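My notes follow in the order in which I took them.

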Amino acid sequence: SLGVETERSKAADAAHETARAAQAVVAEIKAQGIGAKDIRTVSVTLAPVYDEVRDPSGYVTKRTLRGYKASNTFSVRLTDIAKAGAIAQQLLDKGANRFDGITYDYSKKEEKYDALRAQAVKDALRKANSYASALNIRLGRILEIASQPHGPIPAGMPKGMMGAAAAAPEEALAIPVEPGIETLRTEVQVIWELAQ
């Protein structure tokens, strides 16, 4: 997530300068081979900026209009993490002056969660059978299956994977981007009827 922010004394100048710089940034994003479906405008704003004078207790005693700030931010989706740092640096070189960070996500996430839920149900059955056999009873029909909220769990990156996410050799300075590992997790609660 990145963008262009400009402050000028006149609103039209701030909007014009931001639009010009944002067009250059978008052109560079597309020049890097990133398709239009992976580029999304997040916000376009124009707002007055004030200088404020405060008294010792913190109350504003005077506000003076200093100018106007225009902003245009984008979300860019990459599938090649190794290129993220170099592309971010190139976009900053092309005029982006706001960098709001990186967010990681999974491709085919629901398929992965479906597989995890199936494993969780099998694990619940295994554990329930171990309790039932210790009590010399059998499991009856299932009364309820409930899924618990889930989300990725960030974890450190094993040493063996460090090289895979490293930026390209020093042909150009790149912003370091190390994705680490996120673990998908899900829980299910299964309630069985007991049978003798």
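I began with contacts, taken as heavy atoms within 4.5 Å. Of the contacts in the chain with a separation of 6 or more, 75% are between residues 24 or more positions apart. The model is predicted: local features need pLDDT of at least 70, side-chain atom pairs count only at pLDDT 80 or more, and totals for chains, interfaces and linings use all residues. Residues are numbered from 1 along each chain as its sequence is written, and side-chain values use heavy atoms, with hydrogens and water left out.

Elements. I took helices (H or I, at least four residues) and strands (E, at least two) as DSSP runs, numbered from the N terminus. The chain holds 4 helices and 8 strands. I read their order from the N terminus as β-α-β-β-α-β-α-β-β-α-β-β.

Surface. I noted an accessible surface of about 13300 Å² for the chain, with 53% of it belonging to carbon and sulfur atoms. Accessible areas come from the Shrake-Rupley method with a 1.4 Å probe, and for residues only the protein chains shown count as cover. Buried means under 20% relative accessible area, exposed over 50%, and partly exposed in between (1.4 Å probe, protein chains only). Of the 196 residues in the chain, 23% are buried.

Sheet. In which order do the 4 strands of the open sheet lie? I found β2-β3-β1-β4, with antiparallel pairing; two strands pair if DSSP finds at least two bridges between them. β2 (39-54) and β4 (98-99) are at the edges with a single partner strand each, so one side of each has no neighbour in the sheet. β1 (residues 2-8) pairs with β4 in the antiparallel sense over 2 bridges. Gly3 has Arg98 in β4 as its bridge partner. Helix α1 (residues 11-31) packs on the sheet and touches β1, β2 and β3 (60-76). The direction of α1 makes about 155 degrees with that of β1; axes are lines fitted to C-alpha atoms, for helices over the stretch in contact, and angles run from 0 to 180 degrees between N-to-C directions.

Hairpin. I counted 15 bridges between the antiparallel strands β2 and β3. Arg54 has Val60 in β3 as its bridge partner. The hairpin has 5 residues between these strands, and Gly58 there takes a positive phi near 100 degrees.

Ala22. Leaving aside residues up to four places away in sequence, Ala22 touches Val4, Asn72 and Phe74. From Ala22 to Lys94 I read 9.2 Å, C-alpha to C-alpha, across 72 residues in sequence.

Helix α2. I listed Ala84, Gly85, Ile87, Ala88, Gln89 and Leu91 as the buried residues of α2 (residues 84-93). Their cover includes β1, α1 and β4. Gly95 follows α2 and has a positive phi, near 130 degrees.

Asn136. I found this residue in the loop between α3 (109-134) and β5 (138-147). Asn136 is a residue other than glycine with a positive phi, near 60 degrees. Asn136 counts as exposed because its relative accessibility is 70%.

Rings. Last, I checked for a charge over a ring (NZ of Lys or CZ of Arg within 6 Å of the ring centre and within 35 degrees of the ring normal). Arg63 lies over the face of Tyr50, 3.9 Å from the ring centre.
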